[in-house]
Amino acid sequence: MKAARFCARAKKPTPRLRIQTLDRNAWISRGHSGSAEAFLPARAGGILSQQPYSSSTAILPGHLRQNSLTNVPSNAYATVRELKKTPLYDLHLAHGAKMVPFGGYHMPVQYADQSVSASHFFTRTHSSLFDVGHMVQHRFNGPGATAFLQRITPAGLEKLGVNSSTLSAILWPKTGGIVDDTIITKLGDNSFYVVTNAACRDKDLSYLNEQLKKWEAEGRPSIEHKVMENWGLVALQGPFAETVLRQILVDPKKADLTTLLFGQCRYVDLKVDGGRVVENILVSRGGYTGEDGFEISLPPQDTADVTEALLNVPGPDKLPMVKLAGLGARDSLRLEAGMCLYGHDLDDTTTPVEGSLSWIIAKERRTETDVEKGAFYGADVILKQLTPKSKGGAGVERRRIGLTVEGAPAREGAKIVDADGNEVGVVTSGCPSPTLDKNIAMGYIKDGLHKAGTEVDVLVRGKPRKAVVTKMPFVSTKYWKGIPHEPVYHDSK
């Protein structure tokens, strides 16, 4: 948030980390490409342009194409000439990145030193560093901050602990549709750090400005909203993430990463090359891959130095423990973890209940429906949906589900049909899973067919392919919740 985007609820961690991955050469020998196009939606045929990327030409598949997201105003996307750069743009080029337009920014899709599949495996077995500086970082402070955020989201922020985070959704008034998914971190009483999606930047800022003006006009307690322009955000993900981060801590004992659990944050001091110290850096434990990891918010002037310091941490026998990874690996990793991509798996017309996100609605917020009395936007619609029709509630007509698909991978837009050929749903994300060596997908299906084990067909290039509704996450998450695991160092593939 997706900052972190946790659309699949975390499973309880296992006592030990068991890494079971398919050897990259075996993966490729079974007919899978090692390049980015094997993992990205194929609305443009699944082929990345073979032309060198420039600021004026880029042919991209699926959701990496600038105009591919739906239900978002067209002005939410910069034209190619207006693309912004994160603080790590020059570093990406120096490391041989293939750059593409994404969310209004020049972003790396993969790097010269490894294919997307190799990068995916490296994240699962070692650790990878992702530039997520295109995300929009906000600060909300002031006497009205908690109440305001509880109006526009269903989060229970009054009870949220300090230095703790929660996934939530910004909601439209009346309909309860999802404006954007977000991570909200409580830094203190009426003090919050919030991360939203880059592709929704213009829409989100317009929404927030409108709602803040309305709040002020109602004479409610004051709020200071600040967008952290040009700040960096990097995600260190994988079983060696803690080991790598610890190496650049000024005082590892004081930082005590072992006690920093999933969904929590802490300010730390970091040392970079040359001995310089970067102070008071916010580190949050979480991420978008399903692995243990951290998201690190960085001032513009320090982003590149901290990133280089992390990349320079050596592993045993001087083999790397961390490498840069791009959007290609990020997409296959997040789908294996059952996490949503806004504009595809979630949009303005989808409520949290339809999106299988009922769990983000705080228990203490499931009774009040009057916004004037503290309810969240759309509560009168959403709370009725929580009770199925069979039990007298409004229920929903569709639900977000996971699928495993035989044969060719199902891509976004593929129709889901029942045994009689009736259309009962649609795929919103899909790719081959490197970890599982099978095709996985996410989509929406008619309520009643959403139970795990339900057999359906997915139309791939007009041909029905057998599919089974499958619980998400597809790959067990390994979030750090205080139960020790023992990652084992593997040679780079």
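1. The axes of helix α4 (residues 145-152) and helix α5 (residues 201-217) cross at roughly 125° and come within 12 Å; axes are lines fitted to C-alpha atoms, for helices over the stretch in contact, and angles run from 0 to 180 degrees between N-to-C directions. That makes α4 oblique to α5, given that angles under 35 degrees count as roughly parallel, over 145 as roughly antiparallel, 65 to 115 as roughly perpendicular and the rest as oblique. Helices (H or I, at least four residues) and strands (E, at least two) are DSSP runs numbered from the N terminus.

2. The model is predicted: local features need pLDDT of at least 70, side-chain atom pairs count only at pLDDT 80 or more, and totals for chains, interfaces and linings use all residues. Residues are numbered from 1 along each chain as its sequence is written, and side-chain values use heavy atoms, with hydrogens and water left out.

3. Ala147, Phe148, Arg151 and Ile152 of α4 make the contact (heavy atoms within 4.5 Å) with Tyr207, Leu208, Gln211, Leu212, Lys214 and Trp215 of α5. This contact has seven nonpolar, one polar and two charged residues; Ala, Val, Leu, Ile, Met, Phe, Trp, Tyr, Cys and Pro count as nonpolar, Asp, Glu, Lys and Arg as charged, and the others, Gly among them, as polar.

4. Ile152 and Leu208 also line the second largest cavity, together with His138, Phe140, Leu149, Thr153, Ile170, Thr182, Ile184, Val194 and Thr196. A cavity is a set of points on a 1 Å grid over the protein atoms alone where a 1.4 Å probe fits but cannot get out, and lining residues have an atom within 4 Å of a point. Two or more lining residues come from each of β5 (136-141), α4, β7 (178-188) and β8 (191-196). The lining comprises seven nonpolar, four polar and no charged residues.

5. Helix α3 (residues 116-125) and helix α9 (residues 327-336) have axes that come within 8 Å and cross at roughly 55°. That makes α3 oblique to α9. Val116, Ser119, His120, Thr123 and Arg124 in α3 meet Gly328, Ala329, Ser332, Leu333 and Glu336 in α9, a contact of three nonpolar, five polar and two charged residues.

6. Met472 and Pro473 are joined by a cis peptide bond with omega about 5°, and Pro473 lies in the segment after β20 (463-470). Asp256, in the loop between α7 (252-255) and β11 (265-271), has a positive phi near 45°.

Notes. 1 Å grid on protein atoms, 1.4 Å probe; cavity = no way out; pocket = protein on both sides within 12 Å on 5 of 7 lines; lining within 4 Å.
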